[in-house]
Amino acid sequence: MEIMSVELDVFVGNTTIMDEEVYQFWLDGYTVSDAVKVRMEGGVLEECEASAEVLQSDTMDQYRTFQMCERLLHTPAKLANQLLFQIPPHRQAMLIERYYAFDSAFVREVLGKKLSKGTKKDLDDVSLKTGITLKSCRRQFDNFKRVFKVVEELKGPLVENIQTHFLLSDKLARDYAAIVFFANNRFETGKRKLQYLSFQDFAFCAGQLISNWTVGAVDNMVEDMDVDLDKEFLQDLKDLKILITDKDLLDQHKSLVCTALRGKTKVYSEMEANFKNLSRGLINIAAKLTNTKDVRDLFIDLVEKFIEPCRSDRWTAADMKLFLIHYTNSAHILDTFKHQVTWDRYMGVIKSCILKMYHD
């Protein structure tokens, strides 16, 4: 009787072996053979006194483990409650955080776009443009979409909901909140004039808008509270038009701001000459925000109507800050202007966003 000899690779142990470097290769969409190549170049064979075959087999095993874990990573809470893999809590946190991490070059390409099949079809182009593998682009896109779908239906604060359901760090949860907020309101970020702005610039602005202009800014237990802008507030913004339609108010506002700025900046004469245009720019943006299309164009409008004129007059960031502070505060001293609360809620966000977007 002939006994067949079978060679088996057996690994006995409790804790599931996971190499962070190999995990990163898997996330980045490397094939097993590419990952093995990079590991060999990194000198792992000498370190572990292992053969190329062992390395190949180790890499394949780990890739298999990650593929089996992937399903669980889609609902991270399941990772803690499964019995298939023995993964200590700090490792679980690392697996989740890295799985949901994204490349800033990638997110910059899809920020504000609809998270739909149409956008997913364009990922080939995004992959070519950014040099990020298609597999990694798809993972990142699917993550954005998954988080969007889950939090869309929930009441309560956006960042907290993302943290509760996906167990992400505070920083990453805030970034996802910005992505969800931009996708929901479809802000335009792709125009040539906006290319100089990074994802973090936009994420900062999203945080400002969420904290001050959404329904959740006034009531913290409504549905979609951090995703939808407060319609009543957007309607109230039309009242601000009096600052540019009432000639006396416009002149008074200008004179108060100029008095406060005189002698404090090298671009005083430019500020004075351009005051009315700049004020019209900011207030017209406010008055149009009841239209969805104009909400989408918020950032391009801020660049064209305010940032570019100031840039061509060579304002520094400090000039910009000084102007916006006095421009905002002076409206409080205008006798017949009665819309201070709306004004402050509008200008607080506009000022922060412009200062973030103004790279002098």
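The exercises below, each with a worked solution, examine a predicted model.

Residues are numbered from 1 along each chain as its sequence is written, and side-chain values use heavy atoms, with hydrogens and water left out. Because this is a predicted model, local features need pLDDT of at least 70 and side-chain atom pairs count only at pLDDT 80 or more, whereas totals for chains, interfaces and linings use all residues.

**Exercise 1.** Determine how helices α13 and α21 are oriented to each other, and which residues make their contact.

*Solution.* Start with the elements, which are DSSP runs (helices H or I, at least four residues; strands E, at least two) numbered from the N terminus: α13 covers residues 199-213 and α21 covers residues 340-357. Next take the geometry, in which axes are lines fitted to C-alpha atoms, for helices over the stretch in contact, and angles run from 0 to 180 degrees between N-to-C directions; the two helices pack at about 175°, with their axes 9 Å apart. Since angles over 145 degrees count as roughly antiparallel (under 35 roughly parallel, 65 to 115 roughly perpendicular, the rest oblique), α13 and α21 are therefore roughly antiparallel. Finally, contact (heavy atoms within 4.5 Å) involves, among others, Phe204, Leu209 and Trp213 of α13 and Tyr346, Ile350 and Met357 of α21.

**Exercise 2.** Describe the surroundings of Ser169 and identify which side chain it joins through a polar contact.

*Solution.* Begin with the position of Ser169, in the loop between α11 (158-166) and α12, where its 30% relative accessibility makes it partly exposed. Setting aside neighbours within four places in sequence, Ser169 is in contact with Glu97 and Gln163. A polar contact (N or O atoms within 3.5 Å; within protein, one able to donate a hydrogen and the other to accept it, residues adjacent in sequence counting only if both atoms are side-chain atoms) of 2.5 Å joins the side chains of Ser169 and Glu97.

Key:
Buried means under 20% relative accessible area, exposed over 50%, partly exposed in between (1.4 Å probe, protein chains only).
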